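Here is a short note for a colleague who is meeting this structure for the first time. Please read it with the model open beside the text.

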Amino acid sequence: MKLAVWTYEGPPHVGAMRVATGMRDLHMVLHAPQGDTYADLLFTMIERRNHRPPVSYTTFQARDLGADTAGLFMQSCRDAHARFQPQALLVAASCTAELIQDDPGGLAETMGLPVPVIPLELPSYQRKENFGCDEAFLQICRALAKPMARTERVTCNILGPTALGFRHRDDMQEITALLSEMGIEVNVAAPMGASPADITRMGAAHFNVLLYPETAESAARWCEKELGQPFTRTIPIGVNATRAFIEEVRALSGSTLPVDDSRLRQPWWAASVDSTYLTGKRVFLFGDGTHVMAAAKVARDEMGFEVCGMGCYNREQARPLRALAREFGLEALITDDYLDVETAIEDAAPEMILGTQMERHIGKRLGIPCAVISAPVHVQDFPARYSPQMGFEGANVLFDTWVHPLVMGLEEHLLTMFREDFEFHDEAGPSHHGGKAQVLPQSAPATTVAADEGGSMPPPSAPPSMDNIIWLTCAERELKKIPFFVRGKARRNTEKFAVEKGLQEITVDTLYEAKAHYAR
């Protein structure tokens, strides 16, 4: 654990809360100080839920540490059961409460409550949020799911969707409809939407559909071993993966019913004439391992992009991601430090980023368009409309989502043609945002102009550095002829070259000398 301004994952108790919040008739008692109740906002504000998570906090304070915090926890459990009457109770400690070692699981088991009590061991200082999801769902299955006779018709369980997941609600709806077309009923979908009573029926299904390995792979492997249920390995994101998923389900179920793909538009739209500007666009991908690996294949094989970098923040997916990156001729970036990601993106100078909300902020700073493909996400990525990532409709959504941030070929041509126009030049700003051209007076001295632009004229004696390099007007004009998506990298390389050569000013000749230098 480390302190950071931004973080890709919260502590593991947040993952357990995601599982509890997605389920029905389940309550969680979290041994935690008052400050840890902030987690409620993740669900009510970001996910726009109209009710609080089913979580009770002990909310001990500093003065309680010298008294009986164990008693406070036990009373919270009794109060939660009496008030909410859940079918089962989850108990865990937050990262702060872990330090006082009250053993919530052991305490709850001695209370004799008339419902199953499921203790969670969440090592907050070694593991993170996705582990908390995976572990919580695994322990719920181990406590409640039992072997039983299979249903008469072929059925399956859908595993993985949780609260606060990226498009989990819509993905589950899309895959449920796809399975229905194949004549396969969903026995239980869990954790999202399931109750503890539903979990006890999981053993009746013939196989499991694993949608999100980050949150349910451990449970799927446990069900395979203990309940004799095989599970799907293909994640149906993109056209090719969806078709491979259908074949995998057919092999497990014996289904031969056709699947209607008439609503699928992505392949033709990606290949049509007005979409040829997509071909060869360089993209950098970062997020959770599952979505990055799926998106990389879609970007290369279905959209015609060139993947110039990829990585993930969850180390549990590091091995398969590294293997896929080698297939792309890349070295995977495995880190949970957004500053490392920003540096990698800056060095790769892609034309587009496919990432999380963190990469969207990075893209804004670097002037690179970004589409969100993975959690963590902000409120705008929980849309009111139906917007899955999986299945055939998900492929259509991916095309729309990834295309919108890009400048179309015709737009790029017109922007280049009219780059000196009063409305369209680089300093004008987007007209639909009310941007206006910034016209500097011709008589303004260089020092005033530099100050207006947020800089200053360095004194003549100052040694050349990246902070005081002067771009002559002719060099700036020539720089603008370079395509916008690599212009930033060209500027940085030229400034670095000038500093190395001891040059205070950058001329047109300096610009082309730097280009020749870095082209060797």
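1. The model is a predicted one, in which local features need pLDDT of at least 70 and side-chain atom pairs count only at pLDDT 80 or more, while totals for chains, interfaces and linings use all residues. Residues are numbered from 1 along each chain as its sequence is written, and side-chain values use heavy atoms, with hydrogens and water left out.

2. Helix H9 (residues 239-253) and helix H15 (residues 391-403) have axes that come within 9 Å and cross at roughly 170 degrees; helices here are DSSP runs of H or I with at least four residues, strands are runs of E with at least two, and both are numbered from the N terminus. Axes are lines fitted to C-alpha atoms, for helices over the stretch in contact, and angles run from 0 to 180 degrees between N-to-C directions. H9 and H15 are therefore roughly antiparallel to each other, a term used for angles over 145 degrees.

3. On the H9 side, Val-239, Thr-242, Arg-243 and Ile-246 meet Gly-391, Phe-392 and Ala-395 of H15, where contact means heavy atoms within 4.5 Å.

4. In helix H14 (residues 357-366), the buried residues are Gln-357, Met-358, Glu-359, Arg-360, Ile-362 and Gly-363; buried means under 20% relative accessible area, exposed over 50%, and partly exposed in between, with a 1.4 Å probe and protein chains only. Their cover includes strand S8 (282-287), helix H13 (338-348), strand S11 (352-355) and strand S12 (370-372). At the start of H14, a side-chain oxygen of Thr-356 reaches to within 3.1 Å of the backbone nitrogen of Met-358, and after H14 comes Gly-367, with a positive phi near 75 degrees.

5. The structure holds 22 salt bridges, each being a side-chain nitrogen of Lys or Arg within 4 Å of a carboxyl oxygen of Asp or Glu. In one of them, the closest N and O atoms of Lys-128 and Asp-336 are 2.2 Å apart. Lys-128 lies in the loop between strand S4 (117-119) and helix H5 (129-144), and Asp-336 in the loop between strand S10 (333-334) and H13, so the pair ties together parts that are 208 residues apart in sequence.

6. Arg-491 and Glu-495 also form a salt bridge, at 3.7 Å from N to O, and both lie in helix H19 (residues 484-501), four residues apart, about one turn of the helix. Arg-491 counts as partly exposed at 28% relative accessibility, whereas Glu-495, at 12%, counts as buried.

How values were computed
Parallel < 35°, antiparallel > 145°, perpendicular 65-115°, else oblique. Polar contact = N/O pair within 3.5 Å; in protein donor to acceptor, adjacent residues only side chain to side chain.
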